[in-house]
Amino acid sequence: MRPLDEKETTIVFEKLFKFTGNNLKNIVENPSHEGPDANPGRYCFRLHKNKVYYVSESLVKRATNIARANLVSLGTCIGKFTHGGNFHLTSQALGILAANAKHKVWLKPTSEMSFLYGNHVLKGGLGRITENIAPGDGVVVFSMSDVPLGFGIAAKSTQDCRKLDPNGNVVLHQADIGEYLRMEDEL
């Protein structure tokens, strides 16, 4: 497990910024109250076997006693690098994204299951949407009771959604909490 280099950090931060905007500062400067130290530490990003983990510094220090070959996971896996060098956020990052989301979409109860099966969000299933969403922005999807369900990319702006037909795509699916059941062997 090693720290991210400058190029990797830039790629990860650009992806997180797409979903959190200026709230990325809250993720980076989040104090950690884990460990025996009286002073709160910080959270950091570490790379292990092409996966990026969000973990407290005190836990990283304690994990140095474990050989790299024996270390399976540490902290929260927020994403992974592909062989081509791209970075993909995973469904495990939802907790961090939901707490710091810039753009949000709420689904009607009738369309929650469709989204959790990996389908895009349609206009007919949209309950509420935040203002000033542009096409291509990162969006966190919530149920009407504010439970984070997943995240995706906005296909239409907030203004375009108002005049869209009910079967038009509003949010393109990227990840959801249903993946814990559908892909449990890969996670």
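Predicted model: local features only at pLDDT ≥ 70, side-chain atom pairs only at ≥ 80, totals over all residues.
A polar contact here is a pair of N or O atoms within 3.5 Å, where one must be able to donate a hydrogen and the other to accept it.

The chain splits into domain 1, residues 2-93, and domain 2, residues 103-182. Their C-alpha centres are 26 Å apart. Where they touch, domain 1 contributes six residues and domain 2 contributes 13 residues.

About 710 Å² is buried between domain 1 and domain 2, and carbon and sulfur atoms supply 61% of that area. On the domain 1 side, Lys 18, Phe 19 and Ser 91 lose the most area to domain 2, and together they make up 78% of what that side buries.

| Item between domain 1 and domain 2 | Count |
|---|---|
| Salt bridges | zero salt bridges |
| Polar contact (both residues at pLDDT 80 or more) | one residue pair |

As for the make-up of the domain 1 side that touches domain 2, two residues are nonpolar, three are polar and one is charged.

Finally, a word on the annotation. An unreviewed UniProt entry lists residues 103-178 as "domain: PUA". In the model, this stretch of residues 103-178 is 17% helix and 41% strand. The C-alpha atoms at the ends of residues 103-178 lie 21 Å from each other.

How values were computed. Residues numbered from 1 in each chain as written. Heavy atoms only, no water. Domains from an automatic or database assignment. Contact = heavy atoms within 4.5 Å. Buried area = accessible area lost by both parts, 1.4 Å probe. Salt bridge = Lys/Arg side-chain N within 4 Å of Asp/Glu carboxyl O. Polar contact = N/O pair within 3.5 Å; in protein donor to acceptor, adjacent residues only side chain to side chain. Nonpolar A, V, L, I, M, F, W, Y, C, P; charged D, E, K, R; others polar. UniProt positions renumbered as here; feature names shortened; annotations may be inferred. Helix = DSSP H or I, 4+ residues; strand = E, 2+ residues; numbered from the N terminus.
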